[in-house]
Structures are given as structure tokens and as C-alpha cells.
Amino acid sequence: LSAFRQREAVSAVGSSNMENDISLKFHQQLFLISENLVTEDVAALKFLCTDLLHLSKLEGVKSAADIFKLLMAQEYLNVEDTFILAELLYRIKCHSLLEKLGYTKEKVQERLSEKGRISPYRQMLYELSENITSVMLKEITFLLRDHLPKRCMILSALDLLTLLEKQSLLTKDNVKILEDVFMTISPDLLETIDLYKKGKGEKFILLKELGVLPSFCPTKMHKRRCVLLPSEEEGTPVDGVFYSKVGLKYKVLEVLVLFSFTFFFSFLQTMKSYKMDGPHRGFCLIINNVNFNSSQRKGSCKDAEQLERVFTWLGLDVRTYTDLTSREIINLMETWQRVPDHKDRNCFICCILSHGKSGAIYGTDEKLVSIRVLTSHFTAKQCPQLAAKPKLFFIQACQGDKIQCPVYVVTDGPTPDLSSMQERVVLSESIPEEADFLLGMATVDGYVSFRHMEEGSWYIQALCSKLQLLVPRGEDILSILTEVNEDVARRDSPSGTKKQMPQPAYTLRRKFIFPIPMDPPPS
């Protein structure tokens, strides 16, 4: 008996140690995930958890780890069941972190209908917030100025939506205030609201309203049964079940609401988008002109390296060319214009890092090449293999003759020759006439762009940073470039007197959305 008790005690100790090991590993996973989430991600998680956790608790959240603790305290998250966290990461498009929980994007999608806990209403609001730019936010705040507290600081779209909910101006049953605002600011976003209303609104009611199911409880309820009313035909059994209500005829539908809304919002993100699901993404050319007769573009190699890392991560076949003369640049365009492999690719990207003047860039021989001439090689007529496919050009070069900035910050233009000032070319003359082009300029026409001699140019570094942050969230390229504009506009030269504003121009006909890479961002 003594030996039996001893073995039992040893077994209990072993079991306890195993549980401790599992618990430690679980908390290590949470820590690693928390460390990889930035401030914007934490704000998104807080918003998505609004229906699950007390608002007073959420207001004290400072990090993702704080949210994880609250979810564990409410028994949403534990060692055996991490799906709530997987769903949250999926919703904010941090798909690369799912593998730390043993999930993939596809596995989460498969289980959303069964285990999803973020309500369609919350999903809809978050989807809207992701499409509200900083400029739109200012316009919306102005329109709603009579409804908002006078001294309230609104820093993001999520802040605005949360405030409207607090004031009961916005609820799951009343989204009219958003409809009124978007009718003026961005009618395109009304489609998201319409999809929500069609799935939840006038034609659909929850069975809980009939007394068949209890009020929605995220901890217990994984599906919702919805009914379509009124039905033109007699009620038909679904899974052998009839539901009825006196005076009305209902046709019961088994509706996996969260699955449906996942489909709706996936559809929204992909509708009117360029095809980007081919076996080969496309070619990316990087022309990095560093050494000129009269100057050296220090820091440009940093830009080229970062561009190569980011676009390789995005699935492109990157080719880098250094120190090309004006003739060599044109020859290169002519060579790539005739590459037959374009027909198997989804897109084409060209990044040019050089000095420049209005509407043109310099070769290392200090002769100008018109940007219009460069892009003209890839029109549908000149390059049929890229017809109807997006062609993106990113130009890091000055577009004017301002004096370069002192101490570590230099202008991407040669020292101006005041005796031979050339007539400026307006940006509209640089934009390709054909469809499906995007021209991302580091600066507006007539002005210099800045480059740190060690860290690289403001524009390219901001572009690479925002691509890594926002592509995993499913943002389209124009939304990303808007964020790049804001990033660069916030920067100052060391003296605090020099600023820069990038300028995208485009003839794109659809949204351009990079597929989300399986690997984490390179930096």
C-alpha cells in the first residue's frame, strides 16, 4: 500500500510538472504574439472585444497582453481553447501570427461559423474604420461637430465609432448616423452598411426574439438561427425542425451568420480588384543611381536594399540595376518591354532612385529621361503581355531645384544651375494616358525630396514601412500611399524648416491589393 501511494504521489508530481510546462508554453506564445502587435493593432483588438469585455476594463488596456489577461479572466481564452485569439488576429489581418497558435488563415475561416464570437455588427464597424482615411476622419468629425463633445480628442476612426456608441447615436439596430455621413463623405462605404442590413436588418430577425433562443451570449452561442419573413410558401422543415409564430408564416433558415459575414466582407475586399492570384506575382525592377559625375547619392543603397527585401517578401521577382546612364535606362525599359514572361505575371513594378527635375529623372551621365517616356514602354500597345494589368512606378527623385538640406539630409536633385533653368513640366504631363498605371512620386512637382545619408530617403523608407504594416491587413495600394503621405508629411529636416509631401497619381481601374504573404515582414 505504501509503495502504491508513493507511485501515485510521483505520478501526481509528474502530471503537475507537465501542466506547468504547458501553461508556461501557452503564456510564452501569448507574450510573443503581444510583442509583435503595434499600437494600432491593440486599438483594433480593444474595439473588436467591446461586446465581450466590460468597457471600463478595456479603457485601462495599454498592451495586447492586457487584453489577453481580460479574455482569460472571462474564460474566453485558455490553454485548451485559443480560438478567440485566432479569430481576433484573423480579423485584424495579422495572419502571420496565427501559426504561433497552431492555426492558419484557412483553418480559422473553416471554424468561424462554428466558433466565431465577434458579432456581424462589430465586424461591420471595424471594416468601415479600416476604410476611413485621416482626411475623411476630419471631414466626418466636422459634419458631426454638433453631436460630439466640444473638447473631445478624436485620433482615429475607432475612437469616433466608440464615442458615437457611448452616446447611443450608433447601435446594432440603428446605423443611420453612419449612412447620413457616408452619403456625403464616401458613398462607396454605404455598400458595407447595406450588406450588414441585408444580413441582419429588415428581412431577418433572430430567433431569440421569438423566445426560441436566449439573448445572444458570446460565451455559449456559436451559431444563430435566423428566419426570413414573411415567406411566400408554407414553412419548410430545416434539419427536421419547424418554427412558427401566430399570424405569420416563416421559412426557417439555418444561417451561419458569422460565416456569411466573413464571405460578405471578403467579397467586399476582393470585388473590383486586380487579379493577383497567379502562380507568379510579377517582376520588380529597381534602378539605383548612386554615383554621378558631380555628386554621390549617399543612403540610396539603403533604400534599394529595403525595397528588394519588401518586394521579395511580397512575392515579386526583384532585379536591381545600379548606376545607369540615360541611354541605359531607356534600353532597360525596351528590354523589359519585350519580356514574354509578363503574360504569366499579375503586375509589373519599377522603382527608380535617382536625381530628378520636373517630370523627369537623371541618368548617371546627368542627362534627363522623361517619366512619360519610361512608362510609355508598358502601355497595352507597346507591351500587350501587361495589358489590363497594373503597372506601378515609384520615383524617388527631386521634382524641382531647391537648395539641398544641410547636415545628413540632402536633396535628390543636382546643385541647380541658375544660368540654365529649364521650364517645369506639370505632373499631369508625366501621368501615363493609358489605364492601369500608378505613379508614386516622392514629392509634388517643383520641390525637392529628402534623403538621409545613412538611413535612406524619407519616401522610400515610409513606403517600405507602410507596405509591411498594411499589406497584412489587406489594405489596397492607394490607402497605403495615403498613409505614406501622412508619414512623410510629419517629418522635418534637422533644422526643422524643410518639409516634403509625396504625390501619387494613377489611372488604375480597380483596387490593387497585394496577397498577404505567409512569411512575417522582413523588418
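Buried means under 20% relative accessible area, exposed over 50%, and partly exposed in between (1.4 Å probe, protein chains only). This is a predicted model, in which local features need pLDDT of at least 70 and side-chain atom pairs count only at pLDDT 80 or more, while totals for chains, interfaces and linings use all residues. Residues are numbered from 1 along each chain as its sequence is written, and side-chain values use heavy atoms, with hydrogens and water left out.

**Exercise 1. The chain as a whole**

Task: State what share of the 523 residues counts as buried, and how many helices and strands the chain has.

Solution: 
- Step 1. Of the 523 residues, 48% count as buried.
- Step 2. Helices (H or I, at least four residues) and strands (E, at least two) are DSSP runs, numbered from the N terminus. The chain has 17 helices and 15 strands.
- Step 3. Contact means heavy atoms within 4.5 Å. Among contacts between residues at least 6 apart in sequence, 73% join residues at least 24 apart.

**Exercise 2. Salt bridges**

Task: Count the salt bridges in the whole structure. Then classify Asp41 and Arg473 as buried or exposed.

Solution: 
- Step 1. Apply the criterion: a side-chain nitrogen of Lys or Arg within 4 Å of a carboxyl oxygen of Asp or Glu. The search finds 13 salt bridges.
- Step 2. Take Asp41 and Arg473. Their closest N and O atoms are 2.5 Å apart. This pair links distant parts of the chain, 432 residues apart. Asp41 lies in helix α2 (residues 39–48), and Arg473 in the loop between α16 (458–470) and α17 (477–489). Both Asp41 and Arg473 are buried.
- Step 3. Turn to Lys197 and Glu179, bridged at 3.1 Å between the closest N and O atoms. Lys197 sits in helix α11 (residues 190–200) and Glu179 in helix α10 (residues 176–185), 18 residues apart. Lys197 is partly exposed, at 24% relative accessible area.
- Step 4. Check Asp173 and Lys172, whose side chains meet at 3.4 Å, N to O. Asp173 is exposed, at 56%. Lys172 is partly exposed, at 39%.
- Step 5. Look for networks. Salt bridges link Asp51, Arg122 and Glu165 in one.

**Exercise 3. α7 and its helix contacts**

Task: Find the angle at which the axes of α2 and α7 cross, and the angle at which α7 and α9 pack.

Solution: 
- Step 1. Axes are lines fitted to C-alpha atoms, for helices over the stretch in contact, and angles run from 0 to 180 degrees between N-to-C directions. Under 35 degrees is roughly parallel, over 145 roughly antiparallel, 65 to 115 roughly perpendicular, and the rest oblique.
- Step 2. The axes of α2 and α7 (residues 120–130) come within 10 Å and cross at roughly 150°. So α2 is roughly antiparallel to α7.
- Step 3. List the contact: Ala44, Phe47 and Leu48 of α2 meet Arg122, Leu125 and Tyr126 of α7. Ala, Val, Leu, Ile, Met, Phe, Trp, Tyr, Cys and Pro count as nonpolar, Asp, Glu, Lys and Arg as charged, and the others, Gly among them, as polar. The α2–α7 contact has five nonpolar, no polar and one charged residues.
- Step 4. α7 and α9 (residues 157–166) pack at about 140°, their axes 9 Å apart. They are therefore oblique to each other.
- Step 5. From α7 come Tyr121, Arg122, Leu125, Tyr126 and Ser129; from α9, Ala157, Leu158, Leu161 and Glu165. By class, that contact has six nonpolar, one polar and two charged residues.
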